[in-house]
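Colleague: I have not looked at this one before. Can you take me through it piece by piece?

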Amino acid sequence: MTDILDIKGAWKTYKMGAEEINALQGVNFKVEEGSFLAVMGPSGSGKSTLLHLAGILDLPTKGEITLGGKKVNELSGKEQAHLRRSQIGFVFQRFNLLSQLTALENVMLPMMKPDKKKGKEILDRVGLEGKYHRLPTQLSGGEEQRVAIARSLANDPILILADEPTGELDTKNSRMIMDLLTELNKEGMTIIIVTHDPMAAEYAQKTVQMSDGTIYE
Amino acid sequence: MSIYKLSFKNLKRRKLRSALTMLGIIIGVATLVLLIGAGTGMQSYMKEQTETMMGDISIYNSSGGAFMGSSGDAYLNNDTVSKIKNMSQLYDIKEETQFTSEMNRTPIYVLGINNWDQVKFNGTPGVVVDQSLVDTFGYKIGSKITIKDKDFTVTGITKETTGMGMGLVFLDVEKAIPLNDNKVTSISASARGDPETAKKDVESQVPGTMAMTQSDFTKQIDDMMNGIMLFIGAIASIGLLVGVISIVNIMLVNVTERTREIGVLKAIGFTNQEVLGSILMEAGLLGFMGSLVGLVMAAILLQLGIILFGPQLGMEDVSLAYMLPAWLVLVVVGGATLLSVLAGLYPAWRASRLNVVEALRYD
């Protein structure tokens, strides 16, 4: 199996006034194609920072990141954005749908080439047949998160990153979302989730624990 | 679904806010177009009138000519008139005279004219009185009137006014000249050869005269109107500027409010330039739509103005096209849009520079 993501010796240091905080302390993290990983750990352990690096939302202070064979540090801001758009799908805790857009428009927003048919197919795939034209306010939390997952699939990414995907959902909806992610993984999608929720982590093939900016496998 | 389409949706999302922001642009553009449009319309109308009504040159007394309330020596006297009439360079000579008088103790202004095309009236040429005299004395076509002890029969009625509370009477110039002690206000004539040469010849050969060519008149109109329009344009632009500043303000509020949304757009792969472009587009749209609405409002007001005030100014046949030439429409709409895009620059730059991770955490 090839590595889709390879983070080597990553440090992330923030300055808070005069004090320096190390959110990550030399983290090594490899993700194989087709795997389903859960990253767990207490607040402030650095798991979100790790996810941000994996998704090229942020760059490490020190260390190297390779995504889909490309060295992220060597790319320009525009190339990084392009890589993010074409290769990565994000799912957020608070869904982060655009409230002025319908479900279908939200899914089509990141598409390189707008394709209504494909947008509808993806929404069908996540179980939202016939709800294409609903606004986020007309959907339940679970449905909103399914739209968000559909949006993450818009450009056929190689990797889905989910930051607390069940954080705002009840148990029933949490299970539906995790079932959906599991199905996508079975179809070959590589998935990393960051979560506090042991139930959600159970769905992953492998769980990685973090604390104080370091990974304990 | 492109990020630029999102700009439309964002404007629609906050309809009241967008409308209020646009209001500044609407008022600014409407005022500007209204004033400049009225000025431009008047300018081209006056120039056209000058060209169609006037001969190649007009000749006045060298003191500047005799108009309302002028003293006797501001006119061209008999002697001067016959000298001008004898000049071989001139032909198609037409005299005009104007003077003040009284009619039943009401002050009137008498215009002795040759070219009845320059007056709009109902009836036939000869003796045309204005509406104010009709209202005061109940005159109608066929009524007898007396000016300087001479009796005339009203042949027509006009809506034009002196605008000064005086009655207005148009007479055939041959009838008017004797009433004014045979004195003439101006002579208009066609020139054989270059009007400029004819003008110099008149001024040098007939003492006490001043001549003006058509281009002297149009230049005078341009000088006067351009000065006025520059001044009112500058004042009206202040309104537009206030509108543009409100765009800066609202776009800053929009960008701050939508911090998380901008974070999401960047997270799903939109570049800084695309985010910048979408905010600029939104600001530009505010300006563009606002200026279109302002333009339509100004056009309606101008048309109303033509209908309401046109007849009194003798300008009821002026069309809206005179007042809204293509250059004015393009400059105002283009200018307002461009200014609005510039107004969006700083908010857009701020949005594009947002740190994704921090923006995503924003509540």
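This is a predicted model: local features need pLDDT of at least 70, side-chain atom pairs count only at pLDDT 80 or more; totals for chains, interfaces and linings use all residues.

Colleague: Start with chain A, then. How many residues does helix α6 have, and how far does the helix reach?

Modeller: Helix α6 of chain A covers residues 171-186, which is 16 residues. From first C-alpha to last the helix reaches 22 Å, close to the 22 Å expected at 1.5 Å a residue.

Colleague: Which residues of α6(A) are buried?

Modeller: They are A:N173, A:S174, A:I177, A:M178, A:L180, A:L181, A:T182, A:L184 and A:N185.

Colleague: And what covers the buried residues there?

Modeller: The cover includes strands β3 (36-40), β7 (159-163) and β8 (190-195) of chain A. It also includes helices α4 (116-125), α5 (141-152) and α7 (198-202) of chain A.

Colleague: What does the backbone do just after α6(A)?

Modeller: A:G188 takes a positive phi there, about 115°.

Colleague: You listed α5(A) as part of that cover. How many of the residues of α5(A) are buried?

Modeller: Eleven of its twelve, so α5(A) is mostly covered, with buried meaning under 20% relative accessible area. Among the buried ones are A:E143, A:E144, A:R146 and A:R151, along with A:V147, A:A148 and A:I149.

Colleague: What covers those?

Modeller: From chain A, the cover of the buried residues of α5(A) includes β6 (88-91), α3 (103-108), α4, β7 and α6. Chain B contributes α8 (259-267).

Colleague: What about the length of α5(A)?

Modeller: α5(A) reaches 17 Å from its first C-alpha to its last, close to the 16 Å expected.

Colleague: Still on chain A, where does A:L67 lie, and is A:L67 buried or exposed?

Modeller: A:L67 lies in strand β4 (residues 62-67) of chain A. A:L67 is buried, with a relative accessible area of 1%.

Colleague: Which residues does A:L67 touch?

Modeller: Leaving out residues up to four places away in sequence, A:L67 touches A:I4, A:L5, A:A54, A:I56, A:V72, A:L83, A:I88 and A:L159. As for A:R84, 17 residues separate A:L67 from it in sequence, and the two C-alpha atoms are 9.8 Å apart.

Colleague: Over to chain B. What is the strand order in the sheet of nine strands?

Modeller: The order is β4-β8-β5-β9-β3-β2-β10-β1-β11 in chain B, in an open sheet with mixed pairing. At the edges are β4 (121-123) and β11 (209-213) of chain B, each pairing on one side only. Neighbouring strands are turned by 20° against each other on average, direction ignored.

Colleague: Which helix packs on the sheet and touches β10(B)?

Modeller: Helix α6 (residues 195-205) of chain B, which touches β1 (57-61), β2 (90-103), β10 (186-191) and β11 of chain B. Its direction makes about 175° with that of β11(B). Helix α7 (residues 214-257) of chain B lies across β1 and β11, at about 75° to β11(B).

Colleague: How do β3(B) and β9(B) run, parallel or antiparallel?

Modeller: Parallel, with six bridges joining β3 (residues 106-113) to β9 (residues 167-172) in chain B. In one of the pairs, B:V110 has B:V169 as its bridge partner.

Colleague: And how do β6(B) and β7(B) run, parallel or antiparallel?

Modeller: Antiparallel, joined by four bridges. β6(B) and β7(B) form a hairpin with two residues between them, and B:K148 in the turn has a positive phi of about 50°. The bridge partner of B:I147 in β7(B) is B:K150.

Colleague: Two loop residues next: A:E164 and B:R105. Where is each of them, and is each buried or exposed?

Modeller: A:E164 is in the loop between β7 and α6 of chain A, and counts as buried at 9% relative accessibility. B:R105 is in the loop between β2 and β3 of chain B, and is exposed at 76%. Neither is a glycine, yet phi is positive in each: near 50° for A:E164 and about 70° for B:R105.

Colleague: Last one: at what angle do α1(B) and α9(B) cross?

Modeller: The axes of α1 (residues 3-13) and α9 (residues 272-313) of chain B cross at roughly 45° and come within 9 Å. That angle makes α1(B) oblique to α9(B), and the crossing is right-handed. The residues that meet include B:Y4 and B:F8 from α1(B), and B:M281 and B:L285 from α9(B).

How values were computed. Residues are numbered from 1 along each chain as its sequence is written. Chains are lettered from A and ligands numbered from 1 in the order in which they are written. Side-chain values use heavy atoms; hydrogens and water are left out. The expected span of a helix is 1.5 Å times one less than its number of residues. Buried means under 20% relative accessible area, exposed over 50%, partly exposed in between (1.4 Å probe, protein chains only). Contact means heavy atoms within 4.5 Å. Two strands pair if DSSP finds at least two bridges between them. Axes are lines fitted to C-alpha atoms, for helices over the stretch in contact, and angles run from 0 to 180 degrees between N-to-C directions. Angles under 35 degrees count as roughly parallel, over 145 as roughly antiparallel, 65 to 115 as roughly perpendicular and the rest as oblique. A crossing is left-handed if the near helix is turned anticlockwise from the far one by less than a right angle, and right-handed if clockwise.
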